Amino acid sequence: MILTIIFVEDYLTKSNIDEAENNLLSQNTQVANQIAPFIGNVDNEYTYRYVEDIIKQHSFEYNSRIIILDPQNKVLLDSYDLLNNQKVSTEEIDDALMGFDSANIYVHDSKYVFYAAVPIIEHNEIVGSSFITSSADYIFSDVGEIIDKLLLIFTAAVAVSIFISILFAQIISKPIEKLTDSVQHITLGKYDTKVDISSKDEIGELGDAFNMMTTKLSQVDERRKKFVSNVSHELRTPMTSMKIVSDTLLSSPSWDEAVYREFMQDINSEIDRLNKIIDSLLYLVRVEKDDLDLNYNMTYVNYLLEWVIKTIKPIADTKNITVTLIAHSKIQIQLDQEKIQQCLLNIIGNAVKYTPENGKVWIELIEQKEQILINIIDNGIGIPERDLPFIFDRFYRVDEARARKTGGTGLGLAISQQIVLLHQGRIEVSSNVGEGTTVSIRLPRK
Ligand SMILES: Nc1ncnc2c1ncn2[C@@H]1O[C@H](COP(=O)(O)OP(=O)(O)OP(=O)(O)O)[C@@H](O)[C@H]1O
Ligand SMILES: [Mg+2]
C-alpha cells in the first residue's frame, strides 16, 4: 500500500505538471498571436494601451503575470507594471527568443511557480517573447488531497483485514486448543481422551485421526496392564509352590532323606517351569519388536519338517504316537529358518502333547499357487469351541490344571502366530472335542 501511494503520488504530480505546462504554453501562444501585429508599434501611445489591455485582461483571467519582451530581453510590458524597460533573462525567455516554446517549474521560498515562454512571431520573424509566470501550488495541494483520501481508504482496508485475520485465527485456533488440551490429558495417562471437533476440514480429519489414536492407545494400555498381571500371576504360582515346599521342609528339623529328595525335586521342577516361562517371554518380546528383521534364506520346507519331526520323535515315542509327513513334492521358499522351526516345534509339539497314547499326528505339506500350506492334524483331545477364539492369547490354556501337569506356559501359540505374521502368512485352527485338531499355516511363496 505504501508503494502504491508513492507511485500514485509521483505519477499524478508528473502528469499534472505536464498538463499545466502545456496549458500555460497554449494560453501564452494565444497572447503572443494576439499581440504580434502590434509589437512593432508599441512606441505609439494608443497601440501601447491596446496591448497593455490585452495582457492585463489575460493576466487577470489566467491568474498569472505576463511579461512581453523585445528580442534584446528588454521588458516592453509587464502586467504587474514592475519591470518595464528593465532587462530580464531566464532560460525559458532565451529558448523563446531562439524560437522554442519552453516551460519549467521552480521552487521559490517553498512555493511552486511555473515559468513559460513562447516566441512572438510576425512575418516569420521573432519580434519578441511572451513570458508567463503562475503559481503551481494548486497542483501539489490537489495531489495531496487525493493521497489523503487514498491513505484513508488504505487504513480502513488494513483495519478490516486485521479484524478478519483475528476472527479466522480464532476459528482455526479453537479446535487446536482443544487438541492441545487432550494431548495434555494423555500425558497425564488418560489414554481414552476424545476430542469433539465437528468441522469437515483438515482440522476435523486431524480430530478423527486423534480419536482413533487414543482408542488404539487405550487398547494398548489395557493389553499392557493385562499382560503385566498375567505375567505376575504366572510367576507367582511356581513361587508359591516352592514357598510351601520349603516352609514344610523348614518346619521340622528331621525329615527322612527320601522326603528331602522328593521335595527338592518339586522345587527343581518349579524352577524349570519358571525358566521356561521367562525364556518364552523373552522370545515373545523379541519377535514382537516392530522393527524386527527376518533372516530370510531359501529353504526346503520338507527337510525343515523332517528335522522338527525327528526332534519331537522321542517324546512321541513315549506315548506311542506316530508322526507322519505327507508331502508330494519338494518345496523351497524364502523363510527365516530358526523362527519357522520354533513355530513348527510349538505346533507339532502341541499336537503330540494334547493327543493321548497310541494317537496319530499327520503333517501335510501342500503346494499352492501363491502360497504353501502346512496342515498339522492330530486325533487328540480337541479344543472346545468357546476356547478357540482365545488360544492365540498369551498365557491362555484350555485346561489350566492339565496344562500345569504338562508344563504348558500358554505362550507357544502366541509366539507361533507372531512368527507366521512376520512372514506375512496366516495361521488358523479348527477343532472338535474328542476328535482332534487341525492347525493350518499358510506362508507366501514370495
Ligand atoms: N493340538 C491341540 N489339541 C488340543 N488343545 C490344544 C492343541 N494345541 C493347543 N491347544 C490348547 O491351546 C492352549 C494354548 O497352546 P499354547 O501352545 O499356546 O500353550 P501351551 O501348549 O499350554 O504351552 P507351551 O506351548 O508354552 O508349552 C493349550 O494350553 C491347549 O489347551
Ligand atoms: Mg504349546
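Two residues are in contact if their C-beta atoms, placed from the backbone, lie within 7 Å. On that basis, residues 24 or more positions apart account for 61% of the contacts in the protein chain with a separation of 6 or more. This is a predicted model. The protein chain has ten helices and twelve strands. Its radius of gyration is 55 Å, well over the 22 Å that the globule rule gives for 446 residues, so the chain is more spread out than a compact globule.

**Overall layout**

- The protein chain is divided into domain 1 (2-143), domain 2 (202-287) and domain 3 (297-444).
- Between the C-alpha centres of domain 1 and domain 2 the distance is 112 Å.
- Along the principal axes, the C-alpha atoms fill a box of roughly 165 × 60 × 35 Å.
- Of the 446 residues, 24% count as buried.

**Nonpolar cores**

- The largest nonpolar core has 38 residues. Those with the most contacts inside it are L344, I347, I348, A351, V352 and I376.
- At least two residues of this core come from each of helix 7 (301-318), strand 8 (332-335), helix 8 (337-353), strand 9 (360-367), strand 10 (371-378), helix 10 (412-422) and strand 12 (436-444).
- Helix 8 gives the largest share, seven residues.
- A351 touches V361, I376, D378, G380 and T437, with residues up to four places away in sequence not counted.
- A second, separate core has 26 residues, including I39, V51, A116 and A136.

**Ligand 1**

- The shell around ligand 1 holds 24 residues. The closest are Y354, V398, G408, G412 and L413.
- Helix 8 and helix 10 are the elements that give two or more residues to this shell.
- By class, the shell has eleven nonpolar, ten polar and three charged residues.

**A closer look at Y62**

- Y62 is found in helix 2 (residues 45-62).
- Is Y62 buried or partly exposed? Y62 has 18 C-beta neighbours inside 10 Å, so it counts as partly exposed. The cut-off for buried is 20 or more.
- Leaving aside neighbours within four places in sequence, Y62 is in contact with Q27 and S134.
- Y62 and L24 are 38 residues apart in sequence. In space, they are 8.7 Å apart, C-alpha to C-alpha.

Key
Residues numbered from 1 in each chain as written. Chains lettered and ligands numbered in written order. Predicted model: local features only at pLDDT ≥ 70, side-chain atom pairs only at ≥ 80, totals over all residues. Core = buried A, V, L, I, M, F, W, Y, C linked by C-beta atoms within 7 Å. Buried ≥ 20, exposed ≤ 12 C-beta atoms within 10 Å, placed from the backbone. Helix = DSSP H or I, 4+ residues; strand = E, 2+ residues; numbered from the N terminus. Near = placed C-beta within 6 Å. Nonpolar A, V, L, I, M, F, W, Y, C, P; charged D, E, K, R; others polar. Domains from an automatic or database assignment. Rg over C-alpha atoms; globule rule 2.2 N^0.38 Å.
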